[in-house]
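Work through these exercises with the model open beside you. Try each task before reading its solution.

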Amino acid sequence: MILWMLNHLSTFLLGVVLVGGFVTLAILGSLAARRRFPHLAGGEHNEMVGVALGMFGAIYGIILAFVVVTLWTQLENTQTIVATEATDLALVVRSADAFPPADRVRLDRAVGDYVHAVVDVQWPLMREGRPSYEATAEQTRALYTALQSFEPAGPRSETFYGEAAGRLNDVAAQRRARVTMAESALPMLLQVLVYGGALVILPLTFLFGLRSLKMQLLFVSAVAGLIGFSLLLVMAMDRPFAGDLAVSPAPYKEAALAQFWP
């Protein structure tokens, strides 16, 4: 459900739905509580409710901060993996400049096929939450075949061949890391704590009584809005390849790799 929302709704629209939904729920819930229990407006239970809100709010805040920092770190790591893989591919292309024309063309063609498979085939699968190693398996084998078919002659070609081989091994490692990151999602236990915690704290605000109805609604709306924005942030960063904050495949189209794109 979260993945579908990220891929079909903009972050702005998702924010309107999520934050607006929480604020509306808070207002309706507060009005219903005041109508059902009119004595709440007197604030006779505010001390007890305040303690409960403070305790649950502190615990929820710690959990939410941990989740946000974890997801942000995961997003940054994914961006680094993608950039590193693209950089290694570009360095393979640069190293191939020292090869004879036929071998250079063969390796360039293999690199071009690989980056197109990553961007055109593998990326949409990762965005949909269905990452597949097989999407680029054939192109990866072709890269190794193209490089292994070259027999270096002389110190210069041996140096660049060794550099290209090392970078190609790094590409394979980063490819695995990228697909692994595409499979990652917030563990179910943390999802229960984050989303369930919001549904626990919000009803508690209905019990905090204020004589002014406007102030009461302003209070619950502010808390609901903050919770809604927090959950929006968690949802937007939960899947690194989905949504408006998704990692971009642009590095595979830049620098030395730009020649493989129209």
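**Exercise 1. Overall form**

What radius of gyration does the protein have, and what would a compact globule of 262 residues have?

Solution. This is a predicted model: local features need pLDDT of at least 70, side-chain atom pairs count only at pLDDT 80 or more, and totals for chains, interfaces and linings use all residues. Residues are numbered from 1 along each chain as its sequence is written, and side-chain values use heavy atoms, with hydrogens and water left out.

Step 1. Take the radius of gyration over C-alpha atoms; the globule rule is 2.2 Å times the number of residues to the power 0.38. A compact globule of 262 residues would come out near 18 Å. The protein has 26 Å.

Step 2. Check the spans. Along the principal axes, the C-alpha trace covers about 90 × 30 × 25 Å.

Step 3. Count the secondary structure. There are 8 helices and 0 strands. Helices (H or I, at least four residues) and strands (E, at least two) are DSSP runs, numbered from the N terminus. The pattern along the sequence is α-α-α-α-α-α-α-α.

**Exercise 2. Burial, contacts and surface**

Solution. Step 1. Buried means under 20% relative accessible area, exposed over 50%, and partly exposed in between (1.4 Å probe, protein chains only).

Step 1. A contact means heavy atoms within 4.5 Å. Take contacts between residues at least 6 apart in sequence: 82% of them join residues at least 24 apart.

Step 2. The protein exposes about 13500 Å², and carbon and sulfur atoms supply 66% of that area. The areas come from the Shrake-Rupley method with a 1.4 Å probe; for residues, only the protein chains shown count as cover.

**Exercise 3. Salt bridges**

How many salt bridges does the structure hold? Locate three of them.

Solution. Step 1. A salt bridge is a side-chain nitrogen of Lys or Arg within 4 Å of a carboxyl oxygen of Asp or Glu. The structure holds 5.

Step 1. Arg178 and Glu85 pair at 2.7 Å, N to O. Arg178 sits in helix H6 (residues 155–183) and Glu85 in helix H3 (residues 46–96), so this pair links distant parts of the chain, 93 residues apart. Arg178 is buried at 1% relative accessibility. Glu85 is buried too, at 0%.

Step 2. Arg167 bridges to Asp88, with the closest N and O atoms 3.0 Å apart. Because Arg167 lies in helix H6 and Asp88 in helix H3, the pair ties together parts 79 residues apart in sequence. Arg167 is partly exposed at 26%, whereas Asp88 is buried at 2%.

Step 3. Arg106 bridges to Asp103 at 2.8 Å between the closest N and O atoms. Both lie in helix H4 (residues 101–127), 3 residues apart, about one turn of the helix. Arg106 is partly exposed at 33%; Asp103 is buried at 14%.

Step 4. Look for shared partners. Salt bridges join Asp88, Glu163 and Arg167 into one network.
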